[in-house]
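Dear colleague,

Please find below the structure that I am handing over to you.

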Amino acid sequence: MERFGASFLIAGVITFLLGFFLQGVMPVLTLRHLKTTPVEETARDIPPEFAQLAEDYPVEFERYLGKVDPPTFARALRAGKASYIAEACWHCHSQYVRPVSNEDLRFGPVSRPEEYQNEMNLPHLFGTRRVGPDLIRESGKHSNDWHMAHLYEPRNVAPYSVMPAYPWFFDAERRPTLRALGLVAYLQWLGSWLPAVPATTIYNASALETTTGGARP
Amino acid sequence: MSPGSRQVAAAADRPLVNLDLMRWHLIASAVFFAASLLGGLAYSFQFNQLYPFAGVEWLSPGRVRMVHTNMAAYGFIANAFIAGMLFAIPRLTNRPILSDRLGWLIFYAWQLILVLTIGGELGGYGQGIEWGETPIFVDPLVVVGLVLLVVNLSVPILRTEEQGLYVTLWYFLAAFAWTGLVYVMGNYLPQFWVPGTAGAAITGLFIHDLVGLFVTPIGWGLMYFFVPVLLRKPIWSHALSLIGFWGIAFFYPMQGVHHFLFSPIPMYAQYGAVVATIAVEVVVFTVIVNFFGTLHGRSDAIRGNLAIRWFYTGMILYALTCLQCAFQVTLTFQKIIHFTDWVVAHAHMVMFGVFGFWIMGVFVELWPRAVGKPWASPRLLTGHFWLTLIGLALMVVDLTAAGLVQGFSWAGLSHWGASVVASMPFWWVRTIAGLLIIAGQGLFFYALWATARQPAVAPDLHPITVEAA
């Protein structure tokens with residue numbers, strides 16, 4: 001065996017395939033009964049926040065997106081996801097709620113596989129790090145205005161934040177462009193298939209006051 | 001067969017080792033290492049609310065982070081590994097690489113890939129796959145480059161007339177089979193065909209296999225080559241070498257899902273990943289024992305030989321990483337430490353503390369050969385070692401502690417901002433640790449340059465042992 005180099009190449013292929021089968025193919029087979037939803041189908045359920053976006057920013061919405069209808073929402077979702085990936089938001093925000101560490105109390109219902117079986121999750125954006133909070137239950141937690149202000153300069157709405165500002169999502173008049181509208185539409189979509197979970201209702205706010213010397217976030 | 005006994009036997013038409021090609025891969029490794037270091041430093045300032053390029057789109061912290069990790073893996077580590085293999089494979093097989101011309105083509109192609117990757121990621125074309133952020137239009141080039149590299153380097157191994165293949169070559173050959181498969185799997189399946197939860201299982205496998213099936217086997221292969229050569233004695237136990245190799249080859253590829261424990265991925269895959277991970281941590285200890293058995297009786301070399309010192313420091317950190325891993329992979333630990341800076345500490349300890357340190361040792365050994373001159377200043381190199389080690393240790397301890405603070409803060413349902421505010425002192429210490437590491441690399445880069453620009457000396461460099469100052 002040590003004489004023939006090809007045996008190590010073959011062993012490499014076999015061990016790779018064995019691991020790939022156990023850890024990759026088997027989960028695919030287990031979840032094979034779930035139908036993959038295309039973006040156009042996903043976009044048929046328009047969350048109220050998207051309609052609200054057209055009212056909040058009527059000029060920009062019409063210029064960059066158009067009307068409040070499923071094809072427009074699909075375009076907004078695609079644009080938002082592209083920005084989410086280009087800026088690598090997923091490096092600091094995860095997109096799944098675990099059944100441990102009180103995460104269901106903080107974020108909302110524990111994640112289920114069928115929620116991710118759609119073209120919007122190609123590639124999935126589970127993430128492996130949380131500098132900021134998880135976003136899979138973000139829909140409805142904050143207003144569109146809050147999101148716009150937060151993207152423009154996070155520390156204006158959360159002084160402790162270490163999130164970067166994204167002024168290039170806005171034009172010279174500081175009005176939102178397609179990137180801002182798309183990203184807010186995307187964030188307000190995340191979890192919109194479940195009843196909205198109110199934000200910051202159960203937190204121990206005094207802990208933050210202690211660590212910030214009394215300054216309210 | 002002991003690699004130490006191998007003499008440089010020049011082939012009739014061309015030298016055994018292409019030192020020019022090796023030198024340029026080392027230079028490229030150092031250049032992209034500098035890019036990775038600067039990216040990491042800049043990114044760390046974001047966490048101190050003092051990002052130097054705030055408001056500059058193409059230097060946005062999220063994009064710079066991709067440059068930091070990708071240049072560490074594909075720039076620094078990959079180039080240095082290629083240089084190490086360009087040296088080790090011909091010496092072990094007594095055959096030069098298949099084609100020097102192909103070697104240069106791969107060199108230029110690989111650096112082009114790296115430049116396109118930096119440009120693409122900063123330009124907003126990064127891919128949404130961890131460690132696979134290389135833009136989608138770069139991926140085919142990477143695959144072609146890897147295939148060419150495998151052909152160029154495996155032909156001398158497959159054609160060698162030596163009796164029996166040495167351990168190093170087992171690891172290299174397995175890595176050749178693994179690396180391309182892993183890259184294609186991770187960059188294509190979750191991007192185009194497998195959505196959502198199952199895609200996450202495959203991404204987990206990619207994150208894991210990139211370290212386990214590309215970096216680890218080539219790293220150990222280089223250790224099995226350089227350590228006996230420098231210590232001038234054979235590896236302690238052939239049986240342990242066998243157990244270590246086949247154990248790693250069997251268990252390492254089946255643990256990807258441990259990056260997504262408690263996710264919606266089916267629980268049997270999660271349990272399987274945990275069990276396989278603990279199994280491989282047991283197996284790798286046979287490798288570590290083998291190397292410390294080899295060192296037995298020659299521990300003076302840790303002091304006197306700087307390359308050996310880098311190698312064995314890396315191995316101690318490897319043992320720590322693996323011990324840590326056997327615990328942190330359990331569901332109990334994952335409840336608290338997942339998503340926190342604990343994992344960032346772990347990643348730095350293994351990618352830099354282990355493989356980066358081994359590469360430093362390889363540089364110490366190969367750079368004088370590459371430029372045909374002895375090291376200009378062993379004192380600089382000793383300073384490089386200590387600054388790097390102290391900086392890395394500080395960073396690992398600091399971020400591990402920060403991870404516990406964050407994890408318990410979240411589980412205790414504090415306001416999210418409380419976990420951020422509580423992390424800030426730790427993030428400052430992380431920046432300081434990074435500055436120590438970078439100061440060390442400053443000495444290193446200066447030493448490389450100062451060595452290369454010395455007046456030429458006699459080509460016979462034996463012995464090239466670097467005495468620590």
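The notes below concern chain B and its contact with chain A.

This is a predicted model, in which local features need pLDDT of at least 70 and side-chain atom pairs count only at pLDDT 80 or more, while totals for chains, interfaces and linings use all residues. Residues are numbered from 1 along each chain as its sequence is written, and chains are lettered from A and ligands numbered from 1 in the order in which they are written.

Chain B has 14 helices and zero strands (DSSP runs, H or I of at least four residues for helices and E of at least two for strands, numbered from the N terminus). Of its 469 residues, 58% are buried, that is, 20 or more other C-beta atoms, placed from the backbone, lie within 10 Å of the residue's own. The C-alpha atoms of chain B fill a box of roughly 70 × 45 × 45 Å along the principal axes.

Between the chains, 77 residues of chain B are in contact with 73 residues of chain A (C-beta atoms, placed from the backbone, within 7 Å). Helix α5 (residues 167-193) of chain B gives the most to that side of chain B, with 11 residues.

Within chain B, helix α10 (residues 306-328) and helix α12 (residues 341-371) pack at an angle of about 165°, with their axes 8 Å apart; axes are lines fitted to C-alpha atoms over the stretch in contact, and angles run from 0 to 180 degrees between N-to-C directions. The two helices are therefore roughly antiparallel (an angle over 145 degrees). Among the residues making this contact are Trp310(B) of α10(B) and Phe357(B) of α12(B).

Key
Two residues are in contact if their C-beta atoms, placed from the backbone, lie within 7 Å. A residue is buried if 20 or more other C-beta atoms lie within 10 Å of its own, exposed if 12 or fewer, and partly exposed in between; C-beta atoms are placed from the backbone. Angles under 35 degrees count as roughly parallel, over 145 as roughly antiparallel, 65 to 115 as roughly perpendicular and the rest as oblique.
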